[in-house]
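Subject: Structure handover

Hi,

Here is the structure for your files.

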Amino acid sequence: MEAKLVPLISQAEISATVSRLSQELDRDYRHRSPVLVGILKGSFIFLADLARSMQTPISNIEFIRLSSYGSSTVSPGKASIIMGLSEEVVKGHDIILVEDIVDTGITTATALDFLNSYQPASLKLCALLDKPARRKVPVTIDYLGFTVPDHFVVGYGIDFDCKYRQLPAIYYILTE
Ligand code: PRP
């Protein structure tokens with residue numbers, strides 16, 4: 001089956017939005033030195049661009065990885081943490097969780113719960129894309145790039161069948 005990629009968000013629009021988000025973060029974290037925590041793998045390009053656009057000194061950059069296809073010990077509506085981080089990275093620090101897309105919200109909500117359990121000084125969520133039509137669990141997005149329709153999106157870190165992460169813009173997939 002051939003997949004057709006339809007342009008959704010251009011490189012220029014992404015760049016302008018990353019600048020806007022970094023300015024919002026610089027304003028809100030003016031007197032602090034936050035830790036960025038990215039959710040692998042999808043956030044790696046967004047986090048890299050966001051970090052380079054921010055003026056605020058970032059005290060640490062960390063990554064976590066979750067899987068929604070977890071074991072039977074994972075309750076419905078929860079993802080499993082397959083790569084976490086140590087408590088001292090989070091405890092007492094200002095954490096900004098960086099996510100590429102909030103879809104059902106399960107990945108992000110689980111990540112927020114996990115980070116909160118380590119008692120950060122503060123915890124906020126910065127997400128490039130929000131797809132509210134698919135939401136199953138509530139998530140508050142403190143810093144949001146774009147709201148997208150209920151299509152399968154790829155590019156700028158987001159994959160389909162492991163492909164398309166390298167694309168500099170965001171597309172949605174039409175399959176026929
Ligand atoms: C994708 C995406 C988000 C998550 C959102 O990750 O990067 O992390 O799904 O989905 P949700 O809101 O329904 O939980 P995926 O699990 O595909 O892993 P990947 O980032 O490694 O591609």
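A search of the whole structure finds 10 salt bridges. The term means a side-chain nitrogen of Lys or Arg within 4 Å of a carboxyl oxygen of Asp or Glu.

Before the details, the ground rules. This is a predicted model: local features need pLDDT of at least 70, side-chain atom pairs count only at pLDDT 80 or more, and totals for chains, interfaces and linings use all residues. Numbering runs from 1 along each chain as its sequence is written, and side-chain values use heavy atoms, with hydrogens and water left out.

**Salt bridges**

Asp103 pairs with Lys131, with the closest N and O atoms 3.5 Å apart. This pair links distant parts of the chain, 28 residues apart: Asp103 is in the loop between E5 and H4, Lys131 in the loop between strands E6 (122-130) and E7 (143-147). Helices (H or I, at least four residues) and strands (E, at least two) are DSSP runs, numbered from the N terminus. Lys131 is buried, at 5% relative accessible area. Buried means under 20%, exposed over 50%, and partly exposed in between (1.4 Å probe, protein chains only). Asp103, Lys131 and Arg134 are linked in a salt-bridge network.

Asp130 bridges to Arg135, the closest N and O atoms being 2.5 Å apart. Asp130 is buried at 9%; Arg135 is partly exposed at 24%.

Asp159 bridges to Arg165 at 3.6 Å between the closest N and O atoms. Asp159 is partly exposed at 22%, while Arg165 is buried at 18%.

**Ligand site**

Arg165 also faces the ligand: an N or O atom of its side chain is 3.1 Å from a ligand oxygen. A polar side-chain atom of Glu99 lies 2.7 Å from an oxygen atom of the ligand. For Gly42, a backbone N or O atom is 2.9 Å from a ligand oxygen. The protein covers 80% of the 500 Å² of accessible area that the ligand has on its own (Shrake-Rupley method, 1.4 Å probe).

The shell has 14 residues, each with a heavy atom within 4 Å of the ligand. E5 gives the largest share, four residues. By class, the shell holds four nonpolar, four polar and six charged residues.

**Asp94**

Asp94 lies in strand E5 (residues 94-102) and is buried at 14%. Its side chain makes a polar contact with the side chain of Arg32 (3.2 Å). That term means N or O atoms within 3.5 Å; within protein, one must be able to donate a hydrogen and the other to accept it, and residues adjacent in sequence count only if both atoms are side-chain atoms.

Best wishes

How values were computed: Ala, Val, Leu, Ile, Met, Phe, Trp, Tyr, Cys and Pro count as nonpolar, Asp, Glu, Lys and Arg as charged, and the others, Gly among them, as polar.
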